[in-house]
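Here are some notes for a colleague who is opening this entry and would like a guided first reading. Please keep the sequence and the model side by side while going through the points.

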Amino acid sequence: MATTFHRALETAFIDKLAALAGSAADGKGNWWSDVLADEKLLIGVRGGYLNVYWRGQSIFRVSPSAAGLSVSTHEKYLLDPSLEAQVPMIDGAFDLRHLLERGFIGKYEGPETLKKLKASSGVYAGTEKKGCHEIAVRNSNLIDVEIAFPGVTALDDEGPERIAPRIDFAAIQADGDGAKLAFWEAKDFSNPELRAREPGIPKVIRQIEVYKHYLHENAAAVEDSYRRMAANLLALKAMGWARPLSPVIEDVASGKRRLSVGTEPKVGLVIFGFDMAQRDGGGWKGHHARLKDSIPDIVYAGDPKYIKLPV
């Protein structure tokens, strides 16, 4: 199967990021140095660009350009969350004069601006996205988030369909003297994709089958991309990135450990967002049993802050 799986950044792009980080050494800082200093932000490497995520929302999209770096954010994140005044309505029309003058974040002015962008973007994060973010920032062996696989042709009970899979996490585990990639689909307990009426199959099982098939068919490309991505993350750490980085990822980056998808790709399931009554309820037990029959690796925690991915 032909593949276009490519996640790592080129050296020239890394060099431009490093130069920007170095330019903040005068103590004045810049948006990139503020991002690196915030251990709660996630940096998603995307091959030709990178995303800076807050609770699943990309507050910066960064790509190389002839002049240096091209940086953008979504327009809806620029409404200043500190606004408090009332807007008068006159003859059915809102008087926007003052809002247009002071209602938007017009210039990046240090950590306070980054704080506002996080507040504005966080409004759009659903429960599952928030939970995934909490898991990601607490697991130092996690190497990638929001992983889009190139579209593949698959068969299900309804015939051929074209799908573009996207899985939540990729992590690296120690595996003897080597290292193994492990992928994880994360679901809030309320997600209907965890359930199906008999004799149907929960949609998440189908999703994980597709992920495994793709990883098996494209193992070499995936391994190479994540080996180079590990080196990217080590380079970000050298720039001052505050987020903890697992020693296993560092070993892969330096070549001390060989990275592998394995003969049987590991794709597990993370479930969060429930209480004891929901977990132990009779209605869930049947769904849980069906999931376990098809997905050996399932990690649970009511609060996503307590999810620990195997290392």
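The numbered points below take up a sheet, a hairpin with its turn, and a pair of helices.

1. Before anything else, please bear in mind that this is a predicted model, and that the remarks below should be read with that in view.

2. Strand β10 deserves a separate look, as it is mostly covered, with seven of its ten residues buried. To β7 (residues 142-148) it is joined by five bridges in an antiparallel arrangement, in which D144 has A170 of β10 as its bridge partner. With β11 it pairs over seven bridges, again in the antiparallel sense, and here I172 stands opposite L181 in β11.

3. Where does the loop that holds G176 lie? It lies between β10 (166-175) and β11 (178-188), two strands that form a hairpin with two residues between them, and G176 in the turn has a positive phi of about 65 degrees. Is G176 buried or exposed? Its relative accessibility is 64%, and because values over 50% count as exposed, G176 is classed as exposed. Although G176 and R257 are 81 residues apart in sequence, their C-alpha atoms are 9.2 Å apart in space.

4. The last point concerns α7 (residues 219-238) and α8 (residues 247-254), whose axes come within 8 Å and cross at roughly 110 degrees. Since angles from 65 to 115 degrees count as roughly perpendicular, the two helices α7 and α8 are therefore described as roughly perpendicular to each other, and their crossing is left-handed. On the α7 side the contact involves R227, A230, A231, L234 and K237, which meet I249, E250, V252 and A253 in α8. Sorted by class, this contact comprises six nonpolar and three charged residues, with no polar ones.

Methods:
Residues are numbered from 1 along each chain as its sequence is written. This is a predicted model: local features need pLDDT of at least 70, side-chain atom pairs count only at pLDDT 80 or more; totals for chains, interfaces and linings use all residues. Side-chain values use heavy atoms; hydrogens and water are left out. Helices (H or I, at least four residues) and strands (E, at least two) are DSSP runs, numbered from the N terminus. Buried means under 20% relative accessible area, exposed over 50%, partly exposed in between (1.4 Å probe, protein chains only). Axes are lines fitted to C-alpha atoms, for helices over the stretch in contact, and angles run from 0 to 180 degrees between N-to-C directions. Angles under 35 degrees count as roughly parallel, over 145 as roughly antiparallel, 65 to 115 as roughly perpendicular and the rest as oblique. A crossing is left-handed if the near helix is turned anticlockwise from the far one by less than a right angle, and right-handed if clockwise. Contact means heavy atoms within 4.5 Å. Ala, Val, Leu, Ile, Met, Phe, Trp, Tyr, Cys and Pro count as nonpolar, Asp, Glu, Lys and Arg as charged, and the others, Gly among them, as polar. Two strands pair if DSSP finds at least two bridges between them.
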